[in-house]
Amino acid sequence: MSVLAALGRPPAAGEPASPQAPDVQRGTRRLLLPGVLYLVVFFVVPVGVLLATSFYARVPGGEIGEFAPALRWQNYPEALAKFWPQLSRSFGFAAVATLAALVVGYPMAYVIAVRARGRPGLQGLLVVLVVAPFFTSFILRTVAWKQILADGGQVVAALRWLHVLPPDGRLSAAPAAVVIGLTYSFLPFMVLPLFASLERLDPRLLEAGSDLYASPLTTFRTVTLPLSLPGVVAGTLLTFIPAVGDYVNSSLLGNNTTTTMVGQVIEQRFFRTVDYPTAAVLSVVLMVSILTLVTLYVRRAGTRDLV
Amino acid sequence: MSRARAGGAVVPVFAALGFVFLLVPIAYTVLFSFNDAGKTNLAWRGFTLDAWRNPCGAPRVCSALVGSLQVGLVSTLVATALGTLLAVALVRGRFRGRGAVNLLVLVPMTTPEVVLGAALVSQFLSLRLPLGFGTVVVAHVMFCLSFVVVAVKARVATLDPALEQAAADLYATPWQAFWRVTFPLLLPGIAAAALLAFSLSFDDFIVTNFTSGGFGTFPKFVYVSAARGIPPQANVISSAMFVLALLAVALVHVGSRARRRR
């Protein structure tokens with residue numbers, strides 16, 4: 001999944017596949033070792049430890065947080081039965097936020113890539129505006145949303161006036177606030193890959209569409225959208241994956257009953273109730289379902305060169 | 001063309017709304033750095049420069065900032081070094097298991113941060129490692145590494161491999177070829193990757209929260225004080241970092257343009 005290559009403007013074609021001088025090759029293999037070793041020790045092994053922990057059993061008569069290695073597979077049905085609402089809510093919220101980010105982000109990417117084409121100054125400025133959030137504190141911005149969406153604020157007042165919200169309706173501590181926060185948090189990750197793929201769109205194709213009497217909407221549907229599909233796939237993945245696991249938005253913008261997401265549960269089980277096996281089960285389930293979804297999605301979208 | 005653009009006034013309007021959506025919380029953060037807030041910073045109470053004059057005025061805010069800077073610098077250095085080597089090897093080398101290494105680099109990016117945090121803390125606990133600065137750096141290097149590899153790979157792919165072959169033909173060792181030829185040409189990409197790694201590390205909350213124990217970082221400070229209202233000094237620090245980052249981006253941009261002109 002060189003999906004993230006989109007962040008750094010990927011090369012148009014694939015990697016060069018020219019044959020190498022043998023001594024250059026031998027040198028490259030040595031360059032590989034430290035990084036691979038690092039990822040094995042601090043990614044592969046920890047994930048293995050997590051998997052093992054998910055089967056641990058409580059020590060009979062032991063202290064809180066005392067577990068012993070075991071093969072207690074019942075941890076899985078138990079944890080799933082207990083935390084199914086939080087788990088399914090995480091996927092639901094993340095899906096809605098991803099869709100919203102696509103709807104909000106596509107016009108932004110389109111304007112940067114197509115309308116600002118040939119004006120490098122404007123294009124550069126708009127790209128900087130998209131990445132600007134990366135340069136300020138993520139948590140401060142989330143707290144800002146909490147204040148912007150507060151009951152006494154202008155946003156709620158305007159939505160009530162527009163009858164989008166009932167007269168006593170509120171956004172704070174509601175699922176809507178969490179979804180708005182998630183959409184906001186990961187919007188740049190949607191816009192950047194969309195921009196990267198729309199930038200490669202040949203403008204003559206759009207002209208050809210209108211020359212052949214296609215309406216702008218038809219041109220968009222039959223030319224622009226299909227050609228930007230790699231960007232759509234990359235952007236939705238880059239938004240969906242961090243959104244499912246996020247717990248900053250749900251804990252700062254939500255309440256505890258209708259908005260808790262699985263990330264919060266994992267954190268609480270780890271550090272407050274010291275229930276490592278349940279936290280590990282939920283982590284493993286989260287990781288496996290995301291990897292499965294991503295594989296299925298990418299295969300279905302037919303952009304296999306992304307993986 | 002005119003037809004394609006006819007209905008098109010709508011698109012820029014929607015895009016503009018998107019940009020507003022993206023920028024309002026930043027404006028809000030900057031604005032509230034000037035709030036005459038006293039201890040809590042929840043409602044606008046008037047303009048003051050107090051927090052800017054005394055950015056360390058709130059307890060622990062500056063020690064948290066220093067903690068984040070230390071973690072960010074060390075993690076960036078290590079992740080950028082390891083990631084650059086990996087990226088060069090992955091693009092240039094033809095070896096068995098290349099696909100597996102590519103996968104190993106990419107899977108951490110498709111793993112949510114809670115899972116990374118939970119996995120690392122499980123390992124640290126089972127090794128009885130005390131949580132603190134060291135474990136945070138280890139964790140940050142791990143998740144920054146993949147991003148560095150992807151960013152530098154994009155740059156390596158634009159290089160002509162003939163340059164290295166020429167160096168080898170001229171009896172340069174692979175090491176000399178790397179330092180004298182490949183590395184200087186990769187530098188803009190490496191600088192961009194390092195900036196990305198630093199901003200990821202500096203702003204990380206979830207993995208840090210899992211792996212830090214009592215060690216304080218800036219995002220942790222902000223998160224913990226969110227319930228009581230964040231002191232305006234935190235807004236000052238974030239706003240100042242924002243300006244510095246924009247300057248850095250402008251410098252990298254100008255630098256790469258000057259390089260291209262040469």
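**Close-up views of a predicted model**

**View 1. Contacts of B:Ser238 in the predicted model.** Leaving aside residues up to four places away in sequence, B:Ser238 touches A:Phe135, A:Thr136, A:Ser137 and A:Leu140 of chain A, together with B:Thr29 and B:Phe218 of chain B. B:Ser238 belongs to helix α12 of chain B, which covers residues 232-261. Its relative accessibility is 3%, so B:Ser238 counts as buried, the cut-off for buried being under 20%.

**View 2. The disulfide of B:Cys56 and B:Cys62.** The sulfur atoms of B:Cys56 and B:Cys62 are 1.9 Å apart and form a disulfide. A search of the whole structure, over all chains, finds one disulfide. The link of B:Cys56 and B:Cys62 is left-handed, with -85 degrees about the S-S bond. B:Cys56 counts as partly exposed because its relative accessibility is 45%, whereas B:Cys62, at 17%, counts as buried.

**View 3. The cysteine B:Cys144.** B:Cys144 has a relative accessibility of 1% and therefore counts as buried.

**View 4. Transmembrane regions of chain B according to UniProt.** An unreviewed UniProt entry places the feature "transmembrane region" at residues 12-34, 69-91, 103-125, 131-152, 181-202 and 236-254 of chain B. In the model, residues 69-91 of chain B are 100% helix and 0% strand, and the end C-alpha atoms of this span lie 32 Å apart. Residues 103-125 of chain B are 74% helix and 0% strand, with 27 Å between the end C-alpha atoms.

Technical notes:
Residues are numbered from 1 along each chain as its sequence is written. Chains are lettered from A and ligands numbered from 1 in the order in which they are written. This is a predicted model: local features need pLDDT of at least 70, side-chain atom pairs count only at pLDDT 80 or more; totals for chains, interfaces and linings use all residues. Side-chain values use heavy atoms; hydrogens and water are left out. Helices (H or I, at least four residues) and strands (E, at least two) are DSSP runs, numbered from the N terminus. Buried means under 20% relative accessible area, exposed over 50%, partly exposed in between (1.4 Å probe, protein chains only). Contact means heavy atoms within 4.5 Å. UniProt positions are given in the numbering used here, feature names are shortened, and annotations may be inferred rather than shown by experiment. A disulfide is a pair of cysteine sulfur atoms within 2.5 Å.
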